[in-house]
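Work through the exercises below with the sequence and the model open. Try each task before reading its solution.

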Amino acid sequence: MDADFWDTRYRSRGRLFSGNPNGVLVTEIAGVPPGQALDVGCGEGADAVWLAECGWQVTAVDIASTALQRAAAADRSGRIAWARADLNVTPPPADAFDLVSAHYFPLRRLPDHAALRGLLDAVTPAGTFLFVGHDLAGLTPEDTHGIDLADYYQPSDIADLLDNNWSIQINETRKRTTSASHHTHDTVLRAKRLH
C-alpha cells in the first residue's frame, strides 16, 4: 500500500469517494472549538474541507499525489495546507495539533509502534485523537483488496496501547451513518490527551 498503489487506485476513476465528510468526523467533532487539525490520509479532501469550513486550520496529508491534486483543486477556504508525505515513515511535528483525525488509514503495525507513536505525539495536551476503521466482521479478501488487515492497527488495538496520558472517550463499533459503502459498521476510537 505504497504511493504507487494509491495513485493507481485514485487514477482508476474520476472520483474515488463521495466528496462528503466522514459521518464519524461530523458526529464527533461538530461543536468542538476549532484549532489546528491534522487530517491523516486525507484522500480527495472532504474531511479537510469540512474542518476548514468549521474554522479549523488544517494540515491535510496523503501519500497519493493524485488525491492531493484533486483535493487542492476543490479547496476554496485558504485554511488548508496540503502535503504529500508517508506518515508511516515521517512523523508529523510533536504537540502541534488539537485534533489528529484518521479515517480508514492503513497504519502498519510495527514492533516499536513508531508510526503510531508519531501520530499520538502530534496531539497537543487536551487535544483529541480520532481513529476510525471499518468493522472487520464479514469483510472478504475482495473488500480488503487482498491485504491482510491483521498487519494494520485497528482502533481497539490502539486503545489497548494508550497509557495514563490518555482518556479514552469512545472505543466502540457503530452503524455507519451513510449507505454509500457496502461497509455497514465502523470501529471508532476517540481519546483525549491529558498531558
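**Exercise 1. Salt bridges**

How many salt bridges does a search of the whole structure find?

Solution. Before counting, note the basis: this is a predicted model, in which local features need pLDDT of at least 70, side-chain atom pairs count only at pLDDT 80 or more, and totals for chains, interfaces and linings use all residues. Residues are numbered from 1 along each chain as its sequence is written, and side-chain values use heavy atoms, with hydrogens and water left out.

Step 1. Take the rule: a salt bridge is a side-chain nitrogen of Lys or Arg within 4 Å of a carboxyl oxygen of Asp or Glu. The background is that side chains of opposite charge can pair when their charged atoms come close.

Step 2. Apply the rule to the whole structure; the search gives seven salt bridges.

Step 3. Look at one of them: glutamate 28 and arginine 190 meet at 3.0 Å, N to O. Glutamate 28 belongs to helix α2 (residues 23-29) and arginine 190 to strand β7, so this pair ties together parts that are 162 residues apart in sequence. Helices (H or I, at least four residues) and strands (E, at least two) are DSSP runs, numbered from the N terminus.

Step 4. Check the surroundings. Both glutamate 28 and arginine 190 are buried, where buried means under 20% relative accessible area, exposed over 50%, and partly exposed in between (1.4 Å probe, protein chains only).

**Exercise 2. Aromatic rings**

How many aromatic pairs does the structure hold?

Solution. Step 1. Rings of Phe, Tyr and Trp (its six-membered ring) pair if their centres lie within 6.5 Å; planes under 30 degrees apart count as stacked, over 60 as edge-to-face and the rest as tilted.

Step 1. The count is two aromatic pairs. In one, the rings of phenylalanine 129 and phenylalanine 131 have centres 6.0 Å apart and planes at 15°, so this pair is stacked.

Step 2. Phenylalanine 129 also pairs with tryptophan 166, edge-to-face, at 6.3 Å centre to centre and 70° between the planes. Phenylalanine 129 lies in strand β5 (residues 123-134) and tryptophan 166 in strand β6 (residues 166-175), so the pair ties together parts 37 residues apart in sequence.

Step 3. Phe129, Phe131 and Trp166 therefore form one aromatic cluster.

**Exercise 3. Cysteines**

Is cysteine 42 buried or exposed?

Solution. Step 1. The relative accessibility of cysteine 42 is 7%, so cysteine 42 counts as buried.

Step 1. Cysteine 54, at 36%, is partly exposed.

Step 2. A disulfide is a pair of cysteine sulfur atoms within 2.5 Å. By this rule the count is zero disulfides.
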